[in-house]
Amino acid sequence: MTPTSTPGLTRFNALEEHAARTALHEACASTAWAKRLLAARPYATAEDLYTASDAAMAELTAEDLAEAMAGHPPIGRPKPGDPTSAREQRGMAGASDALKAEMLELNLAYQERFGHVFLICATGLTGEQMRDAVRERIGNTPEREREIVRTELGKINRIRLARLVAEEA
């Protein structure tokens, strides 16, 4: 095992393909992304996995991005029983009713404009920071917004992959 490898990464590398695909799907709903990451196993280091993830993300088509985004609930409304989204959106948990209502309104306006949920790497952000981001981004062109979404998805995927290959069983 290399100094930057972890027992979690070793476990991921050893998973049967179906189990590995399922684990990757929990990180990102894009079939194309998961397929590329599966094809490159085994990974020597977690950084190799993250680099492969970034490369796969860069090559996703608009349809692949739409598939990936479909796996994310709106900000402020994580799916019941989805601890990952709830943890990532923790900044909205203590938000005021007014801020939650404003986010709902902004989410709907964003979805109307772009045809998909507002996506941001919410880990560590406050409700106000998420609100300010959607306010700022709603004026983007669809092309610009698609590239921002690609970047945000890449950040989310890295965080989720890090959890996947963490040392704990």
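**Largest pocket and a helix pair**

Helix 2 (17–27), helix 6 (83–88) and helix 10 (142–164) each supply at least two residues to the lining of the largest pocket. The model described here is predicted. Among the contributors to this lining, helix 10 has the largest share, with four residues.

Rolling a probe the size of a water molecule over the atoms shows where empty space is left. In the largest pocket, that space amounts to about 310 Å³. Eleven residues line the largest pocket, and those nearest its centre are T84, R87, R160, R163 and L164. Sorted by class, the lining contains five charged residues, five nonpolar residues and one polar residue.

Two packed helices are described by the angle between their axes and the distance between the axes. For helix 3 (residues 31–39) and helix 4 (residues 46–58), the axes come within 9 Å and cross at roughly 140°. Angles over 145 degrees would count as roughly antiparallel; at roughly 140°, helix 3 and helix 4 are therefore oblique to each other. The crossing of helix 3 past helix 4 is right-handed.

Which residues in helix 3 and helix 4 meet? From helix 3 come W33, R36 and L37, and from helix 4 come L49, A52, S53, A55, A56 and M57. By class, this contact of helix 3 with helix 4 is made up of seven nonpolar residues, one polar residue and one charged residue.

How values were computed: Residues numbered from 1 in each chain as written. Predicted model: local features only at pLDDT ≥ 70, side-chain atom pairs only at ≥ 80, totals over all residues. Heavy atoms only, no water. 1 Å grid on protein atoms, 1.4 Å probe; cavity = no way out; pocket = protein on both sides within 12 Å on 5 of 7 lines; lining within 4 Å. Points joined across faces, edges and corners; volume = space filled by probe spheres on them. Nonpolar A, V, L, I, M, F, W, Y, C, P; charged D, E, K, R; others polar. Axes fitted to C-alpha atoms, helices over the stretch in contact; angles between N-to-C directions. Parallel < 35°, antiparallel > 145°, perpendicular 65-115°, else oblique. Left-handed = near helix turned anticlockwise from the far one by under 90°. Contact = heavy atoms within 4.5 Å.
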